[in-house]
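Visitor: I have a model open and would like to learn how to read it. Can you take me through it, feature by feature?

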Amino acid sequence: MKKKIPVIVVSGFLGSGKTTFLRYLLKESNKKFGLIINEFGDVGIDGDLIKSCDKCDESEDDCVIELNNGCLCCTVQDDFVPSIKALLEFNPPIESIIIETSGLALPIPLIQALNWPEIRSSIYLDVVVGIVNGESMLNGSPINDLNKITKQYNETDKIDHNATIDELFEEQLEVSDIVLVSRSDILNDDQFDVVKNKIQGSLNSSTPVLKSKNGKIDLNYLFDFNFKKETYKEFLTEEHDHNHVELVSDSFKLNYFLEKNDFEKEMSKILDELNILRIKGRIWIPNKSLPLQIQIVGKKINTWFEEAPNNCWRPNDNAGLELVIISFDEKSIQTFNKKIKEKFKILSDPKIAI
Ligand SMILES: Nc1nc2c(ncn2[C@@H]2O[C@H](COP(=O)(O)OP(=O)(O)OP(=O)(O)O)[C@@H](O)[C@H]2O)c(=O)[nH]1
């Protein structure tokens with residue numbers, strides 16, 4: 001059985017900093033990415049910038065697919081699904097797919113399209129990143145050049161919706177698991193806080209809002225799909241500039257488990273109460289031949305049954321869980337641990353293996 005591939009969706013208005021962020025991500029990661037880039041008017045520019053980031057092998061240009069002739073959410077059947085299928089057939093196999101949407105695309109239909117029968121067993125939506133131009137947001141608007149956006153609208157061949165800028169922005173934020181504020185290098189700490197409060201105020205939630213400086217973010221390990229506690233520990237002990245995001249991580253190996261539906265139900269209650277950014281791992285459930293894979297970003301829970309590597313940890317009695325958890329505070333991690341022990345089932349005496 002093939003492994004499901006994570007999909008990262010990056011949204012943000014024209015000039016918000018999506019390409020800059022993607023170039024950084026591609027350079028930092030050792031993963032083989034496939035990209036779908038949706039742009040208008042200035043055909044090919046973003047794609048060329050991505051291809052020239054020294055990560056893309058010229059012979060493998062095909063792993064960057066540019067969709068220039070319509071708004072991504074309005075061309076799902078014609079362009080989007082076939083592009084995902086083409087990336088899934090790529091050789092050597094792609095390990096992760098990134099979709100850069102234009103700010104004109106409504107992200108919800110796009111995200112729903114990832115669930116189309118033809119592709120849904122091969123991919124899962126890992127994280128939605130919303131990019132906001134911090135400088136223009138400080139000046140009161142998420143966009144820096146209304147004329148350019150209007151031109152972008154007019155130049156788009158196929159666009160079936162006519163959502164306003166406010167509606168588009170609201171939906172972009174609503175579906176984002178994390179929001180990156182670009183141009184944070186030119187904002188001071190107070191200005192960043194103003195922007196962050198504006199975004200969290202309009203979201204009416206605690207979705208993480210993080211600084212991005214020329215694409216660089218503190219959380220590059222968030223996009224590293226290696227399931228290794230050491231990676232996080234290393235990151236957490238590294239020296240960073242004084243105002244980086246404070247994070248704590250931990251990992252659990254326990255003899256507790258829950259059935260898939262019960263896990264999703266309990267976990268969504270736990271996530272509502274705690275300040276957790278990321279959880280990855282797997283759960284072994286008695287009488288199930290494959291472990292349940294867990295991928296959580298913010299409040300978004302993804303689970304599916306899939307084989308685990310031969311050399312990974314396995315619990316006694318095929319009942320247990322292995323999770324890596326990243327949070328903004330130690331207390332959330334402790335409470336998380338306590339809640340698992342309260343809410344999850346246990347077959348044998350609990351033993352913390354590490
Ligand atoms: N100072 C500064 N400039 C940035 C930052 N992020 C992006 N820029 C600049 O802003 C401009 C637009 O950035 P892009 O990454 O191309 O933005 P985009 O969202 O991909 O734009 P479109 O493809 O046109 O939608 C470029 O000149 C970038 O160099 C940042 O964090 N700080």
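This is a predicted model: local features need pLDDT of at least 70, side-chain atom pairs count only at pLDDT 80 or more; totals for chains, interfaces and linings use all residues.

Visitor: Which residues does the annotated domain cover?
Guide: The unreviewed UniProt entry places "domain: CobW C-terminal" on residues 253-334. Over that stretch the chain is 23% helix and 40% strand. The end C-alpha atoms are 14 Å apart.

Visitor: How do I read a sheet, and in what order do the five strands come here?
Guide: Strands of a sheet pair through backbone hydrogen bonds, either parallel or antiparallel. Here the order is β8-β13-β10-β11-β12, in an open sheet with antiparallel pairing. β8 (248-254) and β12 are the edge strands, each pairing on one side only. On average, neighbouring strands are turned by 10° against each other, direction ignored.

Visitor: How many bridges join β8 to β13?
Guide: Seven, with the two strands antiparallel; β13 spans residues 320-327.

Visitor: Are the faces of β11 covered or open?
Guide: In a regular strand the side chains alternate between the two faces of the sheet. In β11 both faces are covered. Leu292, Ile294 and Ile296 are buried on one side, and Gln293, Gln295 and Val297 on the other. That makes six of six residues buried in this strand, residues 292-297.

Visitor: Which helices lie across the sheet?
Guide: Take α10 (residues 260-273), which lies across β10, β11 and β12. α10 runs at about 160° to β12. Then there is α11 (residues 330-343), across β8, β10 and β13. α11 runs at about 15° to β8.

Visitor: Now the ligand. How many residues surround it?
Guide: There are 18, and the closest are Leu14, Gly17, Lys18, Thr19 and Thr20. Helix α1 (residues 18-28) gives the largest share of the shell, three residues. By class, the shell has two nonpolar, ten polar and six charged residues.

Visitor: What should I look for in the backbone?
Guide: Most residues other than glycine have a negative phi, and most peptide bonds are trans. Start with Asn91 and Pro92, which are joined by a cis peptide bond with omega of about 5°. Pro92 sits in the loop between α3 (76-88) and β4 (96-100).

Visitor: Which phi does Arg183 have?
Guide: A positive one, about 65°, although Arg183 is not a glycine. Arg183 is in the loop between β6 (178-182) and α8 (189-203).

Visitor: Where is Asn214?
Guide: Asn214 lies in the loop between β7 (209-211) and α9 (229-237). Its phi is also positive, near 50°. With 14 C-beta neighbours inside 10 Å, Asn214 counts as partly exposed.

Terms used
Residues are numbered from 1 along each chain as its sequence is written. UniProt positions are given in the numbering used here, feature names are shortened, and annotations may be inferred rather than shown by experiment. Helices (H or I, at least four residues) and strands (E, at least two) are DSSP runs, numbered from the N terminus. A residue is near a molecule or strand if its C-beta atom, placed from the backbone, lies within 6 Å of it. Ala, Val, Leu, Ile, Met, Phe, Trp, Tyr, Cys and Pro count as nonpolar, Asp, Glu, Lys and Arg as charged, and the others, Gly among them, as polar. A residue is buried if 20 or more other C-beta atoms lie within 10 Å of its own, exposed if 12 or fewer, and partly exposed in between; C-beta atoms are placed from the backbone. Two strands pair if DSSP finds at least two bridges between them. Axes are lines fitted to C-alpha atoms, for helices over the stretch in contact, and angles run from 0 to 180 degrees between N-to-C directions. Two residues are in contact if their C-beta atoms, placed from the backbone, lie within 7 Å.
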